[in-house]
Amino acid sequence: MSLKFWKPGTAGPGSNLDRATEVEGNLVPSAPLYSSLSIQSQRERLPIFKHRQKLLYCVEQFGVIIVVGQTGCGKTTQLPQYLYEAGWAAEGSVIACTQPRRVAATSVATRVAAEVGTILGDEVGYTIRFEDVSSKERTRILYMTDGMLFRETLVDPLLSRYSAIMIDEAHERSVYTDLLLGVLKKIRRKRPSLRLIVSSATLDATAFLDYFTDSATPNDATIITLEGRMYPVEVAYLQEPVPDYVRTAAEVSWNINLRQGPGDILVFLTGRDEIERCLDELSEMLPTLPKNAPRLIPLALHAGLSTDEQLKVFEPAERGTRKVIVSTNIAEASVTIDGIKYVVDSGYVKIRTYNPTTALASLSTVPTSVASATQRAGRAGRTAPGVCYRLYPQAAFESLPYSTPPEITRVDMTTSILQLKSLGIDDLMKFEWVSSPPAEIVLRALEGLVAAGMIGEDGRLTPIGQQVAECPVEVGIARMLFNSKEHRCGEEILTIAAMTAVQDVFVIPEGAQGALAELERRKFTAEEGDHLTLLNAYNAFTRYGRSSGWCKSHALSFRAMSRAVSIRAQLKKYMQRFKLPLESCEGDARRLRRCLVSGYWRNGARWVADGTYRSVRGNKVLHVHPTSVLFTRKPRSGWVIFHEMEETKKTQIRILTEIEPDWLVDHGHKYDNAKKGTS
DNA sequence: GAGCACTGC
């Protein structure tokens with residue numbers, strides 16, 4: 001092991017030597033809130049406090065304020081309170097603060113309610129999907145997910161109950177952040193009294209300033225930079241690139257353990273596979289660990305783990321031991337672990353991209369960005385000065401893109417465009433995007449919406465399109481829900497819709513446990529395919545008391561199943577609102593499958609002799625995903641519809657159900673006639 | 001015969 005690092009000196013975010021106190025989206029609840037200091041003096045010690053007057057002045061003078069601040073400056077908890085104290089929530093108006101993640105919205109709201117001295121849900125509350133802990137009359141500061149606020153624009157296009165809206169973590173550029181910013185710019189033209197605060201952790205924030213500054217509003221926006229509260233992080237690069245960063249990551253972690261002082265290690269890799277390989281490498285080396293070295297505790301962290309397994313990474317390392325947490329990108333922003341002193345960064349990340357020509361989503365491993373590498377390094381400096389080892393040469397760092405392309409430029413836009421149309425934004429090319437999605441993606445989405453009958457030839461929403469836009473599901477699934485009336489199977493379709501919306505229902509552990517899990521899963525297997533298998537699993541879950549113990553013994557994810565229950569309850573309300581009957585098909589699987597075809601008819605495929613399928617549209621070679629109950633079996637009719645298609649090493653289809661080819665032909669005719677205007 | 005970055009409504 002002769003890896004040579006050199007250190008170009010201290011870099012990374014911030015360098016203020018004070019303990020970070022900003023609450024973030026932790027999996028674990030934050031430590032006890034206050035010790036001896038009063039709430040007021042705690043608040044006054046935050047770095048943001050000395051900018052209070054300036055911030056309030058800017059909110060008076062400008063319509064849009066871009067706030068650049070590192071983690072720990074207190075912007076998320078303090079800014080809404082400053083506005084509140086200055087009277088921005090007078091006369092029943094509300095100050096909103098959006099977060100990209102649910103945990104962040106709830107934990108920050110809890111913290112702020114304590115600071116304000118109110119019960120959560122009273123003056124300070126939060127709104128996330130399935131949970132509204134706020135009062136329409138009394139809540140003045142409302143934390144919410146950005147998706148929730150975007151949804152609110154569908155009901156109240158001017159967001160008239162808000163006096164000020166803070167879009168937090170805007171640098172993450174989630175689809176909803178981008179849609180919201182676009183809509184908010186439009187709203188501010190009609191309602192200039194609304195104040196907008198865009199908060200971002202990176203210096204890239206000038207892009208937001210440019211976005212809100214144009215000839216129509218030349219002096220409307222300003223930018224304020226706040227200092228963070230982070231310890232310095234030293235950055236070291238490899239002198240030469242390495243062929244296998246997984247192996248190198250294990251070796252570097254090993255050397256840190258031998259040569260460096262106390263502190264846990266956080267390793268960034270791209271996926272579960274790499275994480276397991278890295279942990280294997282470390283385990284193989286463990287027997288050779290010198291007696292005087294700290295004992296290494298290797299731990300995995302990725303979204304596929306159960307809550308229990310994820311919580312393990314938060315347990316403090318015992319004396320004489322050191323944790324090595326090998327993680328996906330989940331530890332970059334979603335999960336914060338204290339006590340990390342060393343970060344090992346592979347420099348790669350897996351991102352989803354969407355190819356509108358083939359309508360294929362794919363997952364590919366790409367180099368990270370400068371912004372993301374900086375964020376990763378910062379994970380070493382939360383509680384003490386740290387070191388970040390980048391497993392690539394400095395020259396490679398310098399050639400990285402500044403930031404990862406925003407999500408909106410690389411995902412299927414069907415649902416987003418339906419929602420924008422519902423907001424009355426008919427000319428999508430005139431919509432002021434922060435970053436424009438590629439024209440091909442927009443066109444592809446429009447074409448799909450026309451084919452599904454959501455948009456008419458005039459480019460406007462059809463009556464059913466208007467209703468579907470309100471449903472929080474994909475368009476195909478919504479069509480299926482609406483068509484269940486005709487097929488008299490609303491009860492079952494509702495369950496299937498909910499189950500397809502959650503991923504990773506079946507838990508498959510490694511090794512022998514995995515084989516046992518496979519046997520458990522077979523108990524739910526329906527001959528017709530995966531949709532009915534999911535239906536069986538859901539019905540069994542509710543029949544046996546919705547318990548986590550039952551899930552564990554049947555290889556099901558309790559988290560996923562509980563989510564399905566919530567989604568089903570939510571969708572049920574929409575079905576009732578749209579007067580869709582909740583009839584049961586009474587075990588008539590044929591009716592159920594016909595209804596599935598009515599939603600998924602564009603996703604038809606035909607079995608061929610080598611065990612693969614050919615797509616009806618495009619004759620593409622499709623491989624069945626190994627989780628499918630049809631993975632090993634030829635469907636009797638030779639035809640299936642599938643829920644989704646994704647490109648990994650091969651093009652795979654997930655969640656399949658056997659159908660009769662005539663049913664597809666039926667829908668083809670209907671579509672054709674609709675296009676010709678004869679039906 | 002074999003696989004899944006991360007969110008969100």
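Biologist: Helices (H or I, at least four residues) and strands (E, at least two) are DSSP runs, numbered from the N terminus. Which one gives the largest share of the surface near DNA strand B?

Modeller: That is H5, with three residues. A residue is near the strand if one of its heavy atoms lies within 4 Å of it. This is a predicted model, where local features need pLDDT of at least 70 and side-chain atom pairs count only at pLDDT 80 or more, while totals for chains, interfaces and linings use all residues. Residues are numbered from 1 along each chain as its sequence is written, chains are lettered from A and ligands numbered from 1 in the order in which they are written, and side-chain values use heavy atoms, with hydrogens and water left out.

Biologist: Which residues come nearest to DNA strand B?

Modeller: Of the 29 residues around DNA strand B, the nearest are Arg-102, Thr-145, Ala-303, Lys-350 and Phe-631.

Biologist: And how much of the DNA side is sugar or phosphate?

Modeller: Among the atoms of DNA strand B within 4 Å of the protein, 60% are sugar or phosphate, and the rest belong to bases.

Biologist: What reaches the phosphate oxygens of DNA strand B?

Modeller: A polar backbone atom of Arg-102 is 2.4 Å from one. For Thr-145, an N or O atom in the side chain is 2.8 Å from a phosphate oxygen, and for Arg-272 a backbone N or O atom lies 3.3 Å from one. The elements giving two or more residues to this surface are helix H5 (146-155) and strand S16 (348-355).

Biologist: Switching topic, which residues have the most contacts inside the largest nonpolar core?

Modeller: They are Tyr-162, Ile-165, Leu-184, Val-198, Phe-212, Leu-420 and Leu-556, in a core of 107 residues. Such a core is a set of buried Ala, Val, Leu, Ile, Met, Phe, Trp, Tyr and Cys residues joined through side-chain atoms within 4.5 Å. Helix H22 (residues 558-577) supplies the largest share of this core, eight residues. There is also a second, separate core of 31 residues, including Leu-46 and Met-166.

Biologist: One more: is His-531 buried or exposed?

Modeller: Buried, with a relative accessible area of 0%; the cut-offs are under 20% for buried, over 50% for exposed and partly exposed in between (1.4 Å probe, protein chains only). His-531 is found in helix H20 (residues 530-543).

Biologist: Which residues is His-531 in contact with there?

Modeller: Leaving aside neighbours within four places in sequence, His-531 is in contact (heavy atoms within 4.5 Å) with residues including Ile-496, Tyr-600, His-643 and Thr-657.

Definitions and conventions. Polar contact = N/O pair within 3.5 Å; in protein donor to acceptor, adjacent residues only side chain to side chain.
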